[in-house]
Amino acid sequence: MAIECKETGVYLKNGEILPAGTAGLPAPDEAREGTIAYQILRAHDKSADPKKMQIKFDALMSHDITYVGIIQTARASGMTRFPIPYALTNCHNSLCAVGGTINEDDHVFGLSAAKKYGGIYVPVNQSVIHQYAREEMAGCGKMILGSDSHTRYGAVGCMGVGEGGPELVKQLLENTYDIDAPEVVLVYLTGKPQHGVGPHDVAIALCGAVFSQGFVANRVLEFAGPGIQSLSADFRLGIDVMTTETACLSSIWETDETIENFYKVHGRPDAYKHLKPKGIAYYDRMVAIDLSEIEPMIALPFHPSIAFPIRELLRDPYPILKKVEDEGNEKFGGQVEMRLTDKLIDGKIHIDQGIIAGCAGGLFENLCEAAAILQGQSTGCGYFALNVYPASVPVSMAVTKNGVAAELLAAGAVMKTAFCGPCFGAGDVPAHNGLSIRHTTRNFPNREGSKPGQGQIASVALMDARSIAATARNGGVLTSAADIDYAPPKLDYVYDGEIYKKRCYYGFGKAEPTAELKLGPNIADWPKMYPLEENLLCRLAAVIRDPVTTTDELIPSGETSSYRSNPLKLSEFALSRRVPEYVGRSKQCRALEESRRAGRLSEELLDIMKRVSETPEETLRATSFGSAIFANRPGDGSAREQAASCQKVLGGCANIAAGYATKRYRSNCINWGIVPFTLPEGAPFPYEEGDWIFVPHIREAIQLGREQVDAFVVREKGGVEKIALEVKGLTENEKRIILEGCLMNYYASLRMEQ
C-alpha cells in the first residue's frame with residue numbers, strides 16, 4: 001500500500017517508530033514538545049498557557065488580491081508602520097481594467113504603502129508570491145504568515161500559515177495569532193519515486209488518502225523518514241505547497257544537506273539550520289508514504305482529493321468519468337450541462353489544454369523534466385495547447401540560459417510570465433466543456449474561470465508536469481509519464497537574484513510617514529459596521545447542503561479580481577455561482593436593518609417578533625438583524641478574507657454550519673463580526689431559505705462564554721420551533737471582536753480605552 005493512515009499516536013525515538021503506550025516513554029504532551037513543529041512554535045509563542053498559543057511571526061506575505069484590504073483595515077485600526085518584514089507581491093491581478101478597479105491602481109497603491117509603512121514590493125510578473133518567499137524570505141526555524149492559503153514553506157524548514165487578511169492585520173498591529181496548541185501528524189517517507197513520478201503525484205495521492213475524512217484537518221504535518229533523502233528541494237517544495245489541500249494548519253520537514261545547498265544556491269547560507277525531531281517525539285497520528293509505490297496520478301474535477309492512478313483511469317475510463325459528470329451536473333442544478341464523457345474517443349481520453357504554472361508547477365525541475373519529455377517532439381496542431389508559466393523571473397532566466405525554454409518552445413509550448421492566474425481563473429480559461437490538465441494547486445468548480453450562470457462550463461484535472469508533458473507529446477491524448485521513455489535531466493539550478501535587486505523595493509525599516517498613499521478612484525474604504533446588540537435575528541438567505549462548500553463558491557475568484565479593492569462592488573458577486581439569489585435576499589435584509597437603526601421598525605420584522613417575544617417592539621430595538629448562510633462545512637480552500645467580508649458588507653450577521661472546513665474561514669467570519677454558529681453533533685437542519693432565526697441574549701452568552709444557546713426558528717411557511725446552537729472555542733479577543741462588530745471596531749475601542 002502506497003499510503004497508510006494510522007489514527008493512533010506514535011513516538012519517534014531516535015528515528016525508530018514506536019506505538020503509543022510503549023513502556024518507559026514520556027507522556028504525549030511532554031514528548032510532543034520534541035517535534036520540529038513544537039520546537040518552532042514554542043520559539044514564537046508568547047502565551048503563558050501551553051494549551052493556548054499566541055504566535056508572533058517573523059514575516060508576512062500578501063499578493064495584490066489581498067494586500068489592499070489588509071492595509072486599509074490596518075491603517076483604519078491605527079497602524080503607522082510595518083513592524084516586521086512584509087512583502088507585497090503582484091501575481092494575481094493582471095494588468096487590466098475589466099469591470100472594476102484598474103489593477104495597476106492596486107499595484108501603485110501597494111508601492112506607495114511599501115514606501116509609507118516600510119515594506120517590500122515585488123512588481124508585476126517578477127514572481128508568484130510563494131516562490132518569492134522561498135527564494136528571499138524563508139529561513140529554517142522561522143514562521144511566515146501569508147494572506148494566501150498556500151503559504152507553505154515547510155520543505156525548506158520554515159513554517160508557513162495561510163490565513164485571512166485580518167490575521168495579518170493583527171500582526172501589523174503587533175498582536176498575536178491565537179490558536180489552541182495543535183496536534184502534529186507524522187508523515188513518514190520511505191522509498192524512492194519511480195520513473196515518471198513527480199511531486200504532484202505524491203501530493204495528489206496524499207490528498208486522496210486524508211482529505212475526505214478530515215484526517216489531518218487543522219493539524220501540523222511533520223515530514224520525516226529516510227525517503228526524504230531521495231527527494232530534491234524542488235520535489236519537496238512541490239509536495240509541501242499542496243499540503244494546504246489536506247486542510248492541515250501548517251507543515252514542516254526535516255532539513256539536510258539538500259536544503260543547506262538550497263540556501264547556498266539562493267545566496268543565503270545563514271538561513272539554514274539542521275532541523276530534526278528530538279531524541280523522543282510524540283505524534284498524534286501518522287501517515288506512512290512509500291514513495292516507490294506512488295504512481296503518476298490524476299485528480300479529477302472538482303477537488304484535489306478525487307485521486308486516481310492514471311493507469312487505473314485509462315483501464316476503464318467511462319464509469320469514472322460518468323460518475324464525475326453526473327455529480328457535476330447535479331451540483332450545477334441544471335444551469336449548464338457538463339459533458340466529460342465526450343472526451344472519451346475510441347477508448348482514449350482527449351484533453352483540450354495543458355498548464356504548468358505557479359507555486360506548484362512552475363518550478364525549475366518541473367520545467368526541465370517536461371522539456372526532456374518533449375525534446376524533439378510536438379504538441380500538435382489540433383485543439384490541444386500547452387502553456388508554461390515559470391514561477392519567477394529567476395526561474396525563467398535559468399531555463400532560458402540552459403536551453404530548457406527553447407526545447408519547450410520548439411515543441412509548441414507557449415512560455416508566459418510569473419502569474420497565478422491559471423490557478424484561480426484569471427488566465428487560460430478553457431473553452432465551453434473543455435478539459436484542462438494542470439500542474440497547479442486547485443481544481444474546484446469553476447475556479448478555472450467558467451461561468452455556468454452564463455451557460456459556460458469547463459473542467460480541470462490536476463496532474464504532474466511530467467504527465468502533462470507526456471500528454472502534450474501525444475497530441476493531447478491522456479498519457480502517463482511512466483509510459484514515456486526519457487532520461488530525466490541532471491541540470492543544476494543557477495539562481496540569479498540580481499533582477500530582484502534591480503526591480504524590487506526594499507523598504508523594511510525605512511518607513512516614510514509623510515509619503516502619500518496613492519488611492520485609485522475605485523479603491524474604497526470599508527463601510528461602517530455596528531456592534532452586536534443584545535439579541536440577534538437573522539434570515540436564511542442561502543441554504544447549501546453539499547458536503548463541503550469552498551471559498552470559491554462563497555466568492556468567485558477569477559472574474560472578481562478587478563473588484564477586490566472595492567468592498568461594495570465585490571460583494572455583488574457573493575455566492576453568484578452557487579446561489580445567485582443570495583445577494584438580493586441579503587440586500588433586502590440589510591435595507592430592513594438600516595431602517596431599524598434609523599428608528600423605523602418595519603411591520604415585517606415586528607410580525608416576526610410578535611411570534612417570539614412578549615414585548616416585540618422593545619425587543620426589536622435591541623436586536624441586530626441581518627442575513628445568514630447555512631452550509632454543512634463551509635470554507636474549504638482559499639484564505640482570502642472576502643469570503644466572509646462580502647457576507648458582512650451585504651448585511652450578514654451569522655453563519656450556521658455542522659462544522660467549518662478550515663480554521664482560516666472561521667477566523668475570517670469572527671474577524672468580520674459574523675457569529676460562527678455550529679449545530680450540536682448530529683443535529684438536523686431541516687430549515688429553508690426565507691426562514692427566520694431568533695437568538696435571544698446572544699450578546700450576554702458570548703460575553704459569559706456560554707457555548708450553547710437556545711434559539712427559535714420562525715418558519716416562512718408557519719410555525720415556531722426551538723433549536724440549540726453552539727458557539728464553541730472563542731478566545732477572549734474573539735469574543736470581543738464579535739461583540740464590537742468586527743476587527744476594525746475592536747481596535748477602535750482599544751484606542752478609546754488608552
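**Exercise 1. Determine the surroundings of His92.**

Step 1. Leaving aside residues up to four places away in sequence, His92 touches His63, Asp64, Ile65, Ile129, Asp148, Phe419, Cys420 and Phe424; contact means heavy atoms within 4.5 Å. The model is predicted: local features need pLDDT of at least 70, side-chain atom pairs count only at pLDDT 80 or more, and totals for chains, interfaces and linings use all residues. Residues are numbered from 1 along each chain as its sequence is written, and side-chain values use heavy atoms, with hydrogens and water left out.

Step 2. His92 is found in the loop between strand E6 (86-89) and helix H4 (103-117). Helices (H or I, at least four residues) and strands (E, at least two) are DSSP runs, numbered from the N terminus.

Step 3. The side chains of His92 and His63 form a polar contact (3.5 Å). Such a contact is a pair of N or O atoms within 3.5 Å; within protein, one must be able to donate a hydrogen and the other to accept it, and residues adjacent in sequence count only if both atoms are side-chain atoms.

**Exercise 2. Describe the open sheet of five strands.**

Step 1. The strand order is E1-E15-E11-E12-E13, and the pairing is mixed. Two strands pair if DSSP finds at least two bridges between them.

Step 2. Strand E1 (3-6) and strand E13 (250-253) are at the edges with a single partner strand each, so one side of each has no neighbour in the sheet.

Step 3. E11 and E12 are parallel and share five bridges; Leu186 has Glu222 in E12 as its bridge partner. Strand E12 (residues 220-224) also runs parallel to E13, with four bridges, and Glu222 stands opposite Ile252 in E13.

Step 4. Six of the seven residues of E11 are buried.

**Exercise 3. At what angle do helices H8 and H9 pack?**

Step 1. Helix H8 (residues 233-240) and helix H9 (residues 257-265) pack at about 95°, their axes 9 Å apart. Axes are lines fitted to C-alpha atoms, for helices over the stretch in contact, and angles run from 0 to 180 degrees between N-to-C directions.

Step 2. H8 and H9 are therefore roughly perpendicular, the class for 65 to 115 degrees.

Step 3. Ala233, Arg236 and Leu237 in H8 meet Thr258, Ile259 and Phe262 in H9.

Note on methods: Parallel < 35°, antiparallel > 145°, perpendicular 65-115°, else oblique. Buried < 20%, exposed > 50% of the residue type's maximum accessible area, 1.4 Å probe, protein only.
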